[in-house]
Amino acid sequence: MNAPQPHRVWNQEAQRRQARLQRSVPFARGKAVAPADMVSLLEALLEPGDRVCLEGNNQKQADFLSESLAACSPQRVHDLHLVQSVLALPSHMELFEKGIARRLDFSFAGPQAHRLARLVQSRSIEIGAIHTYLELFGRYFIDLTPQVCLIAAQAADAEGNLYLGPNTEDTPVIVEATAFKSGIVIAQVNERVEHLPRVDIPAGWVDFFVVAPSPNHIEPLFTRDPRHITEIQVLMAMMAIKGIYAEYGVERLNHGIGFDTAAIELLLPTYGASLGLKGRVARHWALNPHPTLIPAIEAGFVERVHSFGSEVGMEAYVAARPDVFFTGADGSLRSNRAFCQTAGLYACDMFIGSTLQMDLAGNSSTATLGRITGFGGAPNMGSDARGRRHASPAWLKAGRERSGSGTQVRGQKLVVQTVETWREPHHPTFVERLDAWQLMEDMGMDLPPIMIYGDDVSHVVTEEGIANLLLCRSPEERAQAIRGVAGYTPVGRARDQVLVENLRDRGVIRRPADLGIDVRDATRDLLAARSIKDLVRASGGLYQPPKQFRNW
Amino acid sequence: MMTNPPQSFREASARLRVQGLLDAGSFTEWLGPARRITSPHLAALDAPVSFDDGVVVGQGLLEAQPVVVIAQEGLFNGGAVGEVHGAKICGALLRAIEMRARAVLLCVDSGGVRLHEANAGLIAISEIMRALFAVQAAGIPVIALVGGTCGAFGGMGIVTRLCDALLISEEGRLGLSGPEVIETVKGVEEFDSRDRALVWRITGGKIRRTLGEATMLLDDDIPAFRAAAAKTMGDRPRQRGLSPDALQTLEAAQRRLEARATLDPGIRDGQQVWQQMGLGEEVALMDPAEFNRCLEARER
Amino acid sequence: METLHLELPSLQDDTLFPQTLLHGVVSSGNLEVLVEPGPDAARCVFEVQTAAHGFSEVWQAVLRDFATRHPVGGLTFSIHDAGATPAVVSLRLDQAYQSLRSS
Amino acid sequence: MSMNVNVSKKALLDRLFPAGHAVSEVGQVLCGWGQTATGRVHVIGTTAHAAIDTRIALALSAAVLRVVAEDGNHPRPIVFIADTQGQALSRREELLGLNGYFAHLARCVNLARNSGHRLVTLIDGEAVSGGFLAFGLLADVIVALPGAEVRVMDLRAMARITRIPYERLTELAGASPVFAPGADNYWRMGGIHALWTGAEDWAAQLQALLQGSHEDDRARLGAERGGRKLAASVAQEVLYGHG
């Protein structure tokens with residue numbers, strides 16, 4: 001038996017934490033920091049090379065802390081390693097341009113995708129990896145644990161307890177990883193109050209907080225104005241509801257964001273109800289509070305929704321529907337991205353979403369040249385969870401179709417891509433080769449950035465029909481099934497007409513007529529709401545859309 | 001299941017609006033699409049043309065009364081007025097006099113002058129104004145219907161205010177300069193054109209009805225427009241020779257407009273107008289019928 | 001603008017009353033189609049003016065399928081297109097055909 | 001004698017009315033009379049490229065109404081002097097319904113015509129879109145003085161909005177009067193009846209315009225001058241029903 005080594009110190013991280021706190025003393029009164037002192041505080045406690053998590057997803061952003069970090073002197077704060085969900089703010093990019101940060105592990109870079117690509121090409125940034133949310137959250141507890149996290153909360157009390165409001169999002173997972181590994185937790189809050197409506201993060205986990213000069217920025221990213229839904233999208237929604245939701249009896253599901261899925265949400269209480277589907281499909285959801293879900297909720301289709309984050313304007317509606325949404329004792333929404341992603345991965349029978357490009361293997365990608373967008377959460381939801389063990393009718397049926405005559409040992413998640421064959425002239429959705437391959441070469445990546453792997457995809461819905469890839473018995477069949485719904489794109493026109501008709505006979509490809517859908521019925525009159533105003537009415541005046549979506 | 005959805009005026013094409021406004025099967029189009037009188041000026045600039053140059057004109061019956069109907073297509077080049085488009089409107093107005101129409105229904109859906117043929121468009125709008133005066137002088141009321149995607153702006157915003165009555169939906173907009181133009185020239189602080197709520201509080205149907213410019217605020221529903229047009233036609237007979245523009249009438253109008261212009265100089269938002277009337281947030285969600293009742297009560 | 005003239009064999013539907021009909025609107029991503037009696041009962045004629053360049057083959061495929069799908073012999077379809085996708089083109093043509101049948 | 005009138009407009013009045021004039025300028029609005037060989041005429045107009053707002057529109061309509069009331073059964077000609085950069089761009093003005101003020105002004109001008117006043121517009125300076133539509137463009141006869149700029153929008157702005165290259169627009173503007181700024185383009189389209197040159201006797205030319213028809217002859221003129229070939233025939237065809 002080896003004796004313990006006498007000189008080994010076992011609490012170096014805790015000592016380092018104490019040293020950071022010591023250096024911060026001049027810039028804080030207890031845990032409270034004045035906005036004007038935030039830069040000095042960060043300069044005092046950060047050390048070169050620190051792993052830092054700057055909170056921000058595609059909704060709420062710790063924007064004041066990000067700007068404060070970007071205002072630090074690169075002489076004092078440099079070579080940071082950022083480990084965070086989303087690069088969304090200009091100040092995020094400044095960190096790299098100024099040399100304050102050097103290395104990056106992240107998930108998604110929507111608004112900054114172009115600037116990020118330029119930084120990569122000019123070697124001003126080292127990318128560790130691009131993750132899905134769940135992977136990144138997982139690595140927070142394995143090898144990418146933040147030493148300092150800068151988070152956003154709704155309110156703090158004098159002791160530093162935090163209330164997160166409806167946009168909980170990533171905060172719990174970030175704080176958990178940081179606070180319990182001797183890291184420093186700094187929060188920006190919108191207001192300091194006497195009594196919090198509820199405590200979401202206890203003061204003992206929080207080191208500093210600052211009342212930001214203006215409330216943290218939140219984008220209404222999940223609002224789709226029904227005015228912009230086209231007849232083609234209505235047609236595809238009809239096909240999806242009749243050919244997939246009804247066919248498999250999909251009760252638990254997640255919707256991607258976009259007009260295609262918004263159309264489905266708005267067709268459930270009209271077309272879906274006319275098919276007798278109420279209570280049979282779309283009962284339990286992993287979904288942000290989409291305004292376009294209101295009519296289906298009001299019609300009694302939707303029984304329960306758990307959310308990743310919130311949506312601007314939906315606060316009062318959510319609070320008034322606690323049987324449907326997860327809410328705190330104070331009435332406001334309790335969202336949680338890590339848990340909702342887990343639910344989407346393991347507890348849902350279907351994911352349906354849209355994409356920009358799809359190849360003949362069914363791989364799909366939203367990557368376009370010159371932009372690094374990353375993945376976000378779609379691949380977590382849009383993949384078959386091979387670890388799943390519990391059964392459901394939809395999961396079993398899909399699994400049976402995949403295993404064919406072989407012995408069935410597992411089910412299969414329905415992963416549905418719903419796309420128009422052309423996005424616009426010169427931009428066919430179906431391609432022989434994804435732009436992602438070119439992007440991989442340009443950016444020196446290990447793999448092409450594929451959002452949904454083809455072997456996870458079960459169905460492709462286009463205006464021409466539905467291709468059921470579960471029933472395909474070879475890569476060639478799969479390719480013909482995709483060509484068979486690819487319309488007049490070059491990929492679609494290169495189909496083998498005979499093979500495609502065979503696939504249609506076998507039910508692998510189903511046209512609207514095969515589903516008993518008359519294309520003439522696909523009009524906007526089927527939408528349960530045709531405008532934002534209709535959604536407000538459907539909510540009984542509880543939904544309060546942001547001003548850019550109103551016309552009153 | 002849902003009840004019958006309304007037949008949206010906003011979402012309908014000009015042609016469908018005409019069909020829905022008139023008695024079934026009564027419409028006869030003048031210079032229809034088969035005549036292919038398209039704009040040579042758009043073609044010269046290699047821009048897409050339309051068989052009717054973006055306006056449908058003709059005659060039909062409204063509750064068995066002969067009317068002339070003119071409907072601009074807001075989706076084609078923003079309903080903008082070019083040479084052919086403008087001449088079709090002018091000709092249709094003058095023909096209302098020839099055929100002794102009971103009324104003219106003018107469905108305005110236009111941003112104003114078509115830039116591709118700006119000079120022709122500007123002159124055409126001035127010609128439309130003069131033709132409209134002639135129609136009114138002949139004792140024929142002109143009823144403006146506004147509820148399309150483009151609203152009524154620029155010169156067509158002026159023409160709309162020359163009409164005897166204005167029927168507008170809440171979605172309808174009326175003004176002179178578009179918010180985008182004002183923002184471009186004067187800055188976002190003057191007018192944030194992306195703030196749709198603000199845009200509607202300045203130009204939208206509700207504030208235009210509040211200020212007395214619109215006769216009636218309507219649901220976004222073609223049958224509602226049809227019923228209101230028929231009612232207006234019955235309510236507002238114009239008598240031949242009795243000019244509405246008699247000096248006393250215009251002097252009274254002058255006083256009303258002068259009074260409005262003295263509105264507190266700090267007022268730059270429809271909301272402030274409603275506040276002054278003792279109306280609050282509830283205005284936003286009032287449906288048209290409720291809103292009309294609310295205003296009528298105050299007007300009494 | 002690019003123009004395309006195409007004449008395709010198609011069956012004739014005697015019950016279709018030969019008449020003029022305009023369907024759709026020329027706006028971004030959309031088109032109008034004017035249907036008129038054509039010169040030959042066994043063929044249909046397409047006259048296309050389009051803002052999207054380089055799509056002659058796609059147009060031919062879309063129109064050929066349309067002429068196969070419906071008995072539109074004896075009709076002329078004149079199209080002004082402002083960049084509609086093939087899905088929208090097919091939909092508008094189908095709708096125009098349905099309007100002809102119902103009127 | 002005219003009071004407070006800006007220098008260039010004063011020079012114009014001197015030249016139009018050598019026998020005398022009494023015009024005042026208040027807030028960019030001209031109002032008064034000029035003496036011609038056949039008697040006094042009214043002068044109403046704007047100066048210094050006025051951006052027409054509700055205040056100016058109301059001043060103009062008030063002036064027109066006053067003239068109509070004063071003259072009663074003996075209507076004298078009205079000479080409009082148009083000098084406007086267009087409508088005022090302002091959120092408050094839009095809220096007030098500036099288009100309605102313009103419509104009212106147009107009605108007043110039309111009332112003057114119906115009451116027997118001969119209406120002559122002289123463009124001196126700028127005449128731009130909405131501001132021009134409201135009254136100058138409604139006269140019986142419209143004249144552009146040398147240097148007058150008449151337009152809806154300049155070509156650079158038009159290029160931005162229509163996404164047609166500026167170079168292409170300038171090239172096409174040489175061949176067609178239909179979209180490019182310029183008094184001569186408007187003349188070719190029939191929107192302007194005459195273009196006066198600096199060398200002419202403007203008092204005599206004005207005198208000649210003080211009588212004539214009230215008919216709107218602009219579409220016909222546009223066709224005759226070859227600048228607007230369709231307006232007249234299309235309107236006629238709709239009117240007389242060959243459609």
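How many residues of domain 1 of chain A are in contact with residues of domain 2 of chain A? Two residues are in contact if their C-beta atoms, placed from the backbone, lie within 7 Å. By that rule, 28 residues of domain 1 touch 30 residues of domain 2.

This is a predicted model, in which local features need pLDDT of at least 70, side-chain atom pairs count only at pLDDT 80 or more, and totals for chains, interfaces and linings use all residues. Residues are numbered from 1 along each chain as its sequence is written, while chains are lettered from A and ligands numbered from 1 in the order in which they are written.

In chain A, domain 1 covers 26-211 and domain 2 covers 226-533; these bounds come from an automatic or database domain assignment. The C-alpha centres of the two domains are 33 Å apart. On the domain 1 side of the contact, strand 4 (101-108), helix 5 (113-121), helix 6 (133-140) and helix 7 (171-179) of chain A each give two or more residues. Helices (H or I, at least four residues) and strands (E, at least two) are DSSP runs, numbered from the N terminus. Helix 5 of chain A provides the largest share, 5 residues.

A second contact joins two chains: 70 residues of chain B meet 64 residues of chain D. Among the elements of chain B that supply at least two residues to this side are helix 3 (83-98), helix 4 (118-137) and helix 10 (247-261). Helix 4 of chain B gives the most, with 12 residues.
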